[in-house]
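This briefing walks through a protein model by topic, beginning with a helix and then moving on to charged pairs, a surface patch and some backbone angles. Please keep the sequence and the structure in view while reading.

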Amino acid sequence: MCDLTDPRILETYTAIVEDEPTNWLILGYNDTRDVISLYSKGTEGLDEFRNHLSDEVLYGFVRVEDRFILITWVSEQVRILQKARALVHSRSVASTLKLHHAQLTASTLNDLSDSNIRTRLKLGDGNQPSSRRSSASLSQKRLSRRQSTQSPVPPTSPTVPSEPVPAAVVDQPAQEDEFLEANENFVTPPVSNSSSRYVDEQQQQQQQADNAANEARQRQLEEEQKQQQLLIQQQQQEAEERKRIEEQERQAASMAVQAAEAAAAAEKEAKRIAAEQATAKRLEEERLLKEKMEAERLIEEKKMLQLRLLEAEKNKDIVLSGFVSVQPCTSPFWRRRYFTIKGKSMTFYSDEMNPNPITVLDLNNVKRLSNVNIDVETFVPNAFVLETQQNGTYQLFADNRKERDTILTALQTVI
């Protein structure tokens, strides 16, 4: 079930079916699960209606000429569960907006093209109304719909003259515009002096008069049904309002009982929160102390490492060796290399057993040595950048953070 009690829905719907300037509306959930309310309305027809659609489940009601169509809009971005719920709720919407000649479920704007809508409403081919429908005819039809529930008057049958008269000068019935509306394909027969053709002409006019009368009766029946439906909707709204008031009274009665329980629960919760805060404070103090001790240990290890590196450099020994992944600026690929740092050079080998170096970087010409900038450079864990004037930029990453820091410390010591 869904909630359609928004009074603006019925007001806008009534304005549309009674030929007021408003000719479309859109209903939606407004970030709720089953409460449907009025989103928007307008007077500019299908083009304006399509411009107000969005990527969610919506329900539309549009007047095209003198006919009405109910549209269920299910965007392609809507989830399957929402689509299933829309199918169920569309029946409730159809029960509320009952005066419609066709229903359509659409997921793309192509489904809502003018030609498709007019085909569904049986308004003829093409995107534009028939040129035979004059504005006077449409105005007469709107006036007829509004007055049909009071005193519908069937059109008067034409009187056959005593002598054959050419069709071009035969007096037309009082409701000529309505006849043209009822039968768009009517063609005035050519002027003829033949009595048999005159009789055919009179029969055609009589048939048109009968069709117009049937149409007037149908409009009157539809208007009565519309009024009955509006009455039922009003009764349903009143019943829902009484139910809502009763629910409010029941909730007010239970609030007194809940207040005492809430006070006791609040006191208990306050004690629990205080205990948790004390525990959290103690744990935070322990964490900060542990971090401080770890930082001091790392600083001490770094100092010891720097001393060893300086001693190795002084003795012209290999300062540091190991494995690292390398990507030069001239290649999009990463290669795992064995490296050594000795003197003012960093040398890369294919492995530790191969004595032939692949690349030798002169550390005297280092322009940059830092961690990577993840906004413009590669986002690889434990990576850093080494840029020299002669060899360009090299991106390197170690197997873990500790090895990365050790390599950076060695390079900084040498440089």
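The buried residues of helix 1 are I9, L10, T12, Y13, T14, A15, I16 and V17. The model is a predicted one, and every value below was computed from it.

**Helix 1 and the residue after it**

- Helix 1 covers residues 7-17, and because eight of its eleven residues are buried, it is largely enclosed by the rest of the structure.
- D19, which follows helix 1, has a positive phi, near 65°.

**Helix 8 and its cap**

- With 14 residues at 1.5 Å a residue, helix 8 should span 20 Å, and this agrees with its end C-alpha atoms, which are 20 Å apart.
- Buried residues are found in this helix too, namely R404, I407, L408, T409, A410, L411, T413 and V414.
- The N-terminal end of helix 8 is capped by N400, which has a side-chain oxygen 3.2 Å from the backbone nitrogen of K402.

- Side chains of opposite charge can pair when their charged atoms come close.
- In this model there are 17 salt bridges, and one of them joins the side chains of R282 and E286, with a distance of 3.3 Å from N to O.
- R282 and E286 both belong to helix 7 (residues 195-314), where they are separated by about one helical turn because they are four residues apart.
- R282 counts as partly exposed at 42% relative accessibility, and E286 also counts as partly exposed, at 44%.
- Another salt bridge is formed by the side chains of R287 and E291, with 2.3 Å between N and O.
- R287 and E291 are likewise four residues apart in helix 7, so about one helical turn separates them.
- The relative accessible area of R287 is 37%, which makes it partly exposed, while E291 is partly exposed with 42%.

- D399 and R336 form a salt bridge in which the closest N and O atoms are 3.0 Å apart.
- This pair links distant parts of the chain, since D399 is in the loop between strand 12 (392-397) and helix 8 (401-414), R336 is in strand 7 (residues 335-342), and the two residues are 63 residues apart.
- D399 is partly exposed, with a relative accessible area of 42%, and R336 counts as partly exposed at 42% relative accessibility.

**A nonpolar patch on the surface**

- M304, L307 and L310 make up a nonpolar patch on the surface, and together they have about 290 Å² of accessible area.
- M304 is placed in helix 7, and its relative accessible area of 41% makes it partly exposed.

**Positive phi angles in loops**

- K122 is a residue other than glycine with a positive phi, near 55°.
- The loop that holds K122 runs between helix 4 (114-120) and helix 5 (135-147), and K122 is exposed there, with a relative accessible area of 73%.
- N382 is not a glycine either, yet its phi is positive, at about 60°.
- The place of N382 is the loop between strand 10 (366-371) and strand 11 (383-388).

Technical notes: Residues numbered from 1 in each chain as written. Predicted model: local features only at pLDDT ≥ 70, side-chain atom pairs only at ≥ 80, totals over all residues. Heavy atoms only, no water. Salt bridge = Lys/Arg side-chain N within 4 Å of Asp/Glu carboxyl O. Buried < 20%, exposed > 50% of the residue type's maximum accessible area, 1.4 Å probe, protein only. Patch = residues over 30% accessible without salt bridge, like charges linked within 9 Å, V, L, I, M, F, W, Y side chains within 5 Å. Areas by Shrake-Rupley, 256 points an atom, 1.4 Å probe, with all protein chains shown as cover. Expected span 1.5 Å × (residues − 1). Polar contact = N/O pair within 3.5 Å; in protein donor to acceptor, adjacent residues only side chain to side chain.
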